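This report describes a structure with its sequence.

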Amino acid sequence: MKKVEAIIKPFRMDEVKAALSAVAVQGMTVTEVRGFGRQKGHKEVYRGAEYVVELVPKIKIEVVVPDQAVDRVVETIAKAAKTGKIGDGKIFVIPVDEAVRIRTGEKGEGAL
Amino acid sequence: MISEIEKEISRNGEENLEDIERFLRNGEAWLRRGHEEGLAGREFCRHRASFIDRVIQRLLKRSLSLLRDEKSPPGISLLAMGGYGREELSPYSDVDLLILHPPGKIKHLENHLQAILHPLWDWGLTVGHTVQTPKESLRAAHKDSDLFFSFLDARWIAGDKGTYLHWQKEFERTISRKETEMILEIRKRGEARHARLGDSVFVLEPDIKEGKGGLRDYHSAFWAARLRRRIQTVEGMPDSGPLSPKEWQNYSRALDFLWRVRNQLHYHYGRREDRLSFDDQESIASSLGYRGENPFLATESFLKDYFRQTLQIYRLSWNILDKCLEDETGKPKGRGTGAPLEIAPGFSLYHGRLTLTDANLFSRNPLHLWTVFEIIHSHGVELDPDLGEKISEAAGQINDRFRAAPESVGAFLSFFKRRGHLSRVLEAMYETGFLSRFLEEFDRVHCQVQYDRYHIYPVDVHSLYAVREIENLEKARSPGGSVLEEVMGEIQDPGLLKLAALFHDLGKGEGSPHTIEGEKIAASIGKRLSLSPPRIADLCFLVREHLNFVEIAHRRDLNDEQLIFRFARSMESGERLKMLYLLCFADLRAVGPAAWTAWKDALMRELFLKTLHLLEKGEGLGKEIRERTLQIQAEVMELLRGQIPPPRISVYLVGIPSRHYAVHGAQEIGRQILMAERLREQKVALEGEEKPEEGCEEVTVVARDETGLFSKISGVMTANYLNILSAEISTWENGVAVDTFRVQNLIDESLFETRRWNKVQEDLDRVLRGEVAVGALVEGMATPLFQKFSSSRKETRVRVDNGASDFYTIIEIYTQDRPGLLYRTTQKLFDLELSIAMARISTKVDQVVDVFYVQDLSGAKIEDEEFIKKIKEELKKDLEKLPLPK
């Protein structure tokens with residue numbers, strides 16, 4: 001099993017969610033996050049006063065999938081999240097040792 | 001009921017366990033059936049207590065007969081405590097027993113206890129018990145307040161009544177020594193309990209027992225009345241005075257409701273559970289018979305009832321508590337001292353609370369109600385509970401005449417206009433029921449909730465909180481504060497903003513989106529309050545758009561200039577935008593503690609600032625420009641009728657940037673659209689005309705936008721001996737680039753000679769098809785003619801401005817005019833991987849000012865200082881290399 005973690009632009013959220021549902025991803029965790037990468041923060045000016053926005057708002061999507069689904073999921077997210085502009089985000093793939101469905105105690109891929 | 005069930009079971013007066021168990025089981029089955037058929041909450045609880053009473057009585061009887069003690073009773077007395085004592089047993093409530101026995105060794109005490117308790121445990125009841133002598137128990141209660149309070153509920157159920165009476169007499173004596181102390185303790189505990197559970201009636205997952213407005217509030221009130229007024233049971237409440245008969249009626253109705261919900265909750269879980277968890281609210285509502293078009297609506301109306309009733313219980317319980325505290329000395333406890341202060345005729349301020357000194361004031365003239373709110377607005381004082389009741393009564397008499405009276409309208413609006421304690425005023429209006437009488441629109445949304453995890457507070461409470469947020473912002477204003485605070489300080493009509501905050505959600509529960517209905521409601525209230533038409537329009541605008549702002553901020557690409565442009569245009573003015581921004585902030589903050597996050601803050605501020613910058617620059621956004629745009633669009637539709645299907649024309653017209661409408665007329669735009677249509681068959685469309693009075697030619701080029709397009713076109717112009725004097729380039733939303741050039745012909749042959757014109761067209765076509773490189777064309781041209789240019793050398797300057805636009809980096813180039821200049825410049829920008837969205841090229845005599853709006857290839861502004869430096873240097877170097885006329 002792998003966890004696919006994607007940091008994307010907030011306004012691509014609906015597309016990514018729909019695309020993932022279309023490739024039968026059952027569930028996901030979505031978090032509003034802030035951070036910076038190559039798209040550094042920016043300055044906002046109001047009435048002469050500068051407000052530095054160091055952390056840019058992003059959406060983090062996490063899904064845990066069986067190994068054989070990883071490529072498809074990564075590709076799906078990358079395609080749906082892409083605008084071609086800076087700040088489109090990143091996708092990380094992380095190994096997952098175990099999964100447990102709390103209600104039933106099921107383990108492994110059956111718990112996904 | 002009990003006797004009927006019992007008759008079936010009992011056999012010849014002898015008690016045996018099977019019979020008693022069967023009696024209990026039948027009783028439980030009867031209760032369950034009763035509950036499913038709608039048995040009232042209170043009745044259920046009382047029946048269940050009676051069943052348990054009877055079971056315990058029979059167990060005791062059996063035990064006595066088993067041990068042959070009947071002739072010399074052991075003096076044991078069985079008392080029901082806590083909820084069982086008050087006869088309020090839900091299906092899985094604990095059964096708490098106090099077993100009293102006389103001092104000294106009691107024969108068979110252990111055996112009796114076992115004979116009574118073991119079967120109860122075996123049958124699955126949760127029985128708590130304490131075995132003590134009266135003296136021991138009273139000593140324990142002296143030390144342990146929980147025990148003390150549960151003793152207040154004590155009720156004799158079986159065994160030796162004498163022991164009980166003795167105990168009771170002693171306990172009553174303890175009560176008189178500790179009453180004030182214990183009432184204060186009840187209060188303190190209540191406050192701590194509420195604080196622990198969110199300090200609001202309106203929480204996502206209410207605790208039906210411990211939460212604010214839950215049953216514990218009622219217990220507290222009962223205990224206080226029990227201590228102070230010496231009532232023995234709840235039934236004594238109406239006669240003991242803290243509640244009026246009407247209030248008592250409401251109170252018992254609310255309690256009845258709560259018990260019924262609790263019974264359902266216990267059955268739902270099959271155990272004691274007092275928390276109305278979010279996931280179960282839907283099925284609880286449905287089991288309680290709530291129906292709606294869909295389960296959500298049913299749940300919403302269940303929660304609405306739930307909150308109405310708990311609010312009732314909270315208010316009335318705390319009124320009872322307060323009154324019981326006041327009793328002793330006639331003075332409220334725990335507040336300042338001092339003499340009453342007359343603050344207005346008929347009103348005095350006493351211990352920080354507003355009281356009424358003229359009991360008939362409101363009945364003589366209900367308009368005096370406004371005086372109460374005026375005092376609260378100016379001084380922020382609290383209402384005395386008695387005055388609150390008087391207002392509630394008087395509010396019942398409010399009619400249309402009262403609502404329409406100029407005094408009413410004037411007073412109400414003044415609270416919004418003047419700075420003061422507006423939220424306090426609204427809270428007092430809300431709590432006394434005045435608000436929903438004066439503005440009946442609030443009646444419909446009273447306790448109206450939205451069944452989701454996000455919206456915690458019902459609509460009416462949420463609206464009040466939203467006003468409070470605006471007020472807080474207004475008060476918090478400090479130099480160097482947040483953008484929100486700055487903006488608040490600039491608002492010209494804060495009163496209107498506060499009205500909008502109060503009315504923004506009144507359309508809820510009337511279908512989706514609620515802003516449509518909400519706008520109508522706001523308009524009708526606005527008219528009733530005699531607001532001026534422009535203020536009504538602003539109010540409607542704010543109500544209508546408040547969802548839109550948040551939606552765009554969170555779900556749309558804020559780097560899309562056209563999007564921001566259209567949004568800015570829909571705002572019409574900076575003032576409206578500012579109010580909308582603040583309203584949306586207040587709205588989110590008032591949803592619940594979790595709704596306003598730094599994440600949302602950042603996106604909403606970005607949308608606000610970008611839109612405001614556009615509005616303040618006013619480019620293409622002014623009213624005249626908007627009207628001009630509409631006018632041009634209508635004319636173009638007319639011009640192209642019959643040539644292109646109208647829906648296609650519309651697609652074009654919508655996609656044309658406002659800036660374009662500002663500089664081109666209907667004729668030109670119509671022609672450009674026809675040219676764009678030709679792109680279906682050809683790569684580029686070219687048209688030109690002579691402008692003799694200006695001594696130049698105008699050339700329009702329409703092509704699909706691509707990177708480097710501008711440099712390719714200007715290269716072709718140069719190669720064809722055309723000097724570009726000025727250019728307007730714009731990109732339409734459907735990807736069509738429309739570039740208009742004023743050119744100066746550098747050779748004698750007219751540009752519009754067929755041969756020459758065709759050559760220009762052909763060159764453009766070949767370059768855009770990639771058949772020939774534009775550089776090769778420029779290099780291949782015969783020696784340029786320089787004689788028309790001045791030879792005086794002027795310095796080339798390059799400026800890069802990132803402050804003027806939120807979307808583009810602006811590059812300004814000041815240099816001396818010479819052939820190929822524009823081609824060279826745009827080629828350099830292309831090499832630097834900059835894409836040009838707009839350009840203004842202008843030439844005055846021989847001095848050129850070229851302004852380019854650029855982004856990097858990812859569509860972002862150029863923020864990197866190193867890169868900006870590189871752009872400046874390379875442009876300057878490159879242009880200085882370009883030969884000047886000799």
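Which residues have the most contacts inside the largest nonpolar core?

## Basis of the description

This is a predicted model, in which local features need pLDDT of at least 70 and side-chain atom pairs count only at pLDDT 80 or more, while totals for chains, interfaces and linings use all residues. Residues are numbered from 1 along each chain as its sequence is written, and chains are lettered from A and ligands numbered from 1 in the order in which they are written.

## Nonpolar cores of chain B

The residues with the most contacts inside the largest nonpolar core are B:Leu79, B:Ala224, B:Ala500, B:Tyr581, B:Leu582 and B:Leu583, and the core has 159 residues. A nonpolar core is a set of buried Ala, Val, Leu, Ile, Met, Phe, Trp, Tyr and Cys residues joined through C-beta atoms within 7 Å. A residue is buried if 20 or more other C-beta atoms lie within 10 Å of its own, exposed if 12 or fewer, and partly exposed in between, with C-beta atoms placed from the backbone. Helix 13 (residues 295-326) of chain B supplies the largest share of this core, 14 residues. A second, separate core has 63 residues, including B:Ala703, B:Val778, B:Ala837 and B:Ala839.

In soluble globular proteins, nonpolar side chains tend to be buried together.

## Chain B overall

Chain B contains 38 helices and 16 strands. Helices (H or I, at least four residues) and strands (E, at least two) are DSSP runs, numbered from the N terminus. Of the 886 residues in chain B, 42% are buried. Among contacts in chain B with a separation of 6 or more, 70% come from residues 24 or more positions apart; two residues are in contact if their C-beta atoms, placed from the backbone, lie within 7 Å.

## Sheet 3-2-1-4 of chain B

In chain B, 4 strands form an open sheet in the order 3-2-1-4, with mixed pairing. Strand 3 (127-132) and strand 4 (155-159) of chain B are at the edges with a single partner strand each, so one side of each has no neighbour in the sheet. From one strand to the next the twist averages 25°. Two strands pair if DSSP finds at least two bridges between them.

Strand 1 (residues 77-80) and strand 2 (residues 95-100) of chain B run antiparallel and are joined by 4 bridges. B:Ser77 has B:Leu100 of strand 2 as its bridge partner. Helix 5 (residues 109-122) of chain B packs on the sheet, where it touches strand 2 and strand 3 of chain B, and its direction makes about 165° with that of strand 3. Axes are lines fitted to C-alpha atoms, for helices over the stretch in contact, and angles run from 0 to 180 degrees between N-to-C directions. Not counting residues up to four places away in sequence, B:Leu79 touches several residues, among them B:Leu97, B:Leu98, B:Trp156 and B:Ile157.

Which residues of helix 15 (residues 369-379) of chain B are buried? They are B:Leu369, B:Val372, B:Phe373, B:Ile376 and B:His377. Seen down the axis of helix 15 of chain B, these buried residues fall within an arc of 130° (taken from the directions from the helix axis to the C-beta atoms), so they line one face of the helix. They pack against several elements of chain B, including strand 7 (353-356), helix 16 (385-395) and helix 18 (406-417). B:Gly380, which follows helix 15 of chain B, has a positive phi near 65°.

Helix 34 (residues 709-719) of chain B is mostly covered, with 11 of its 11 residues buried. Among the buried residues are B:Lys712 and B:Ser714. Just after helix 34 of chain B, B:Tyr721 has a positive phi of about 60°.

B:Ala590 lies in helix 28 (residues 574-591) of chain B. B:Ala590 counts as buried because it has 24 C-beta neighbours inside 10 Å. Leaving aside neighbours within four places in sequence, B:Ala590 is in contact with B:His462, B:Tyr465, B:Ala466 and B:Glu469. B:Glu469 is 121 residues from B:Ala590 along the chain, and their C-alpha atoms are separated by 7.2 Å.

In chain A, 4 strands form an open antiparallel sheet in the order 2-5-1-6. Its edge strands, strand 2 and strand 6 (89-95) of chain A, each pair on one side only. Strand 2 and strand 5 (residues 56-65) of chain A pair over 7 bridges in the antiparallel sense, and A:Val30 has A:Ile61 of strand 5 as its bridge partner.

Between the chains, 15 residues of chain A are in contact with 18 residues of chain B. Strand 2 (29-35), strand 3 (42-46) and strand 4 (49-53) of chain A each supply at least two residues of the side that touches chain B. The residues on this side of chain A divide into 8 nonpolar, 2 polar and 5 charged; Ala, Val, Leu, Ile, Met, Phe, Trp, Tyr, Cys and Pro count as nonpolar, Asp, Glu, Lys and Arg as charged, and the others, Gly among them, as polar. Helix 29 (residues 598-617) of chain B lies across strand 2 and strand 5 of chain A, running at about 65° to strand 2 of chain A.
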